[in-house]
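Please read it alongside the sequence and the structure.

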Amino acid sequence: MSSVLKEVANNNSLKLRRLAGRIGAEVQDLKLGTDLKAEDIGALKAALRQHRVIFLRDQHQLDDAAQEGFARLFGELVPHPTEKVRAGSTAILELDAASGNGKADQWHTDVTFVDAYPKYSILRAVEIPAFGGDTVWANTAAGYEDLSPQLKQLAENLWAVHSNKYDCAAQRPRANDAERKHYQDVFASTQYETEHPVVRIHPDTGEKVLVLGYFIQRFVGHSNTDSAHLFSLLQDHVIRLENTVRWSWRKGDVAIWDNQSTQHYALNDYGDQNRIVRRSTIAGEVPVSVDGRRSVTRIIGGPSRQAAE
């Protein structure tokens, strides 16, 4: 048994129900809030290291302020780099399907178009459709482990350009007018490009994890055509059904995930019903490749920026 598994197995402060073989667990009989003890937060972090994403039902006691207060127990809150925060909050992003910014129906890791993308994401269900609107998460460490030795070597030598500027019509063909307008006017209002290693070393566990998702535009040193083939080859290993877990939301549910070792996909199968969720994100670390190099962000049209060594 690994040290991470032992850490969780020996921690009796959480009641956990595993949901799938490689990712996902439900935490039972715990109410989230600012009054949680340090050992409770430690147990939640340990559960994230083992299960990648954890879920808690019926957290109706949380409002925006309580969500932010709880999130701060995990680290420094960071707002989205281009989206406006919810009024009255420090860093909450509201994802409202009716407003054009709520349908994240592509596989992605949150905000990988910047270098130090979030470490954790915390999502609270505010309004949930009567049917549809589930979210699926995938384990990117398991995706790496599924690669052959030759593909692991290939992936470890690849770097990819991630950007919030992409072909919306091509990548999101079902987007409506409001969603396309929101993308152009808000989401891509400041354009970022970041070069990430395709394989990063997880800062907490030392695992090798794949950094992919639909913010990738191309692989460094490869043509667009070859990049598309390489992306499909590697991405398909991450999103194998064996590496995923699916959550059917109820109002008041909370999901917390390790954004450094997962991707997720919000199913767009609920028609014109509304769906509102609110997300808090915790500051992450600049990825480090297997050979010790660090990610680089460029603001398009502005100066380049590289994290200090």
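In what order do the strands of the open sheet of 7 strands lie? The order is E1-E2-E3-E13-E5-E15-E4, and the pairing is mixed. The model is predicted, with local features reported at a pLDDT of at least 70, side-chain atom pairs at pLDDT 80 or more, and totals for chains, interfaces and linings over all residues. Residues are numbered from 1 along each chain as its sequence is written, and side-chain values use heavy atoms, with hydrogens and water left out.

**Confidence**
- The average pLDDT (the predictor's confidence in each residue, from 0 to 100) is 89, and 85% of the residues score at least 70.
- Residues 1-10 have a pLDDT below 50, and this stretch makes 12 contacts (heavy atoms within 4.5 Å) beyond near neighbours in sequence.
- Residues 301-309 also have a pLDDT below 50, with 11 contacts beyond near neighbours in sequence.

- Helices (H or I, at least four residues) and strands (E, at least two) are DSSP runs numbered from the N terminus, and two strands pair if DSSP finds at least two bridges between them.
- Strands E1 (15-18) and E4 (93-96) stand at the edges with a single partner strand each, so one side of each has no neighbour in the sheet.
- Neighbouring strands are turned by 25° against each other on average, direction ignored; axes here are lines fitted to C-alpha atoms, for helices over the stretch in contact, and angles run from 0 to 180 degrees between N-to-C directions.
- E5 (residues 120-127) pairs with E13 (residues 254-258) in the antiparallel sense over 5 bridges; Leu123 stands opposite Ala255 in E13.
- Helix H2 (residues 38-51) packs on this sheet, touching E1, E2 (25-28), E3 (53-56), E5 and E13, and its direction makes about 125° with that of E3.
- Helix H3 (residues 64-72) lies across E5, E13 and E15 (276-282), running at about 30° to E15.

**Sheet of 3 strands**
- This open sheet has the order E12-E6-E14, with antiparallel pairing.
- At its edges, E12 (244-247) and E14 (262-266) each pair on one side only.
- From one strand to the next, the twist averages 20°.
- E6 (residues 135-139) and E14 run antiparallel, joined by 5 bridges; the bridge partner of Ala138 in E14 is Gln263.

**Pocket and cavities**
- On a 1 Å grid over the protein atoms alone, a cavity is a set of points where a 1.4 Å probe fits but cannot get out, a pocket is an open set with protein on both sides within 12 Å along at least five of seven lines, and lining residues have an atom within 4 Å of a point.
- The second largest pocket has a volume of about 280 Å³ (the space filled by probe spheres set on grid points, which are joined across faces, edges and corners).
- This pocket is lined by 16 residues, with Val78, Pro79, Val114, Ala116 and Tyr117 the closest to its centre.
- There are 3 cavities of 30 Å³ or more, and the second largest cavity has a volume of about 50 Å³.
- Of the 13 residues lining the second largest cavity, Thr109, Tyr117, Leu210, Val211 and Gln260 lie nearest its centre.
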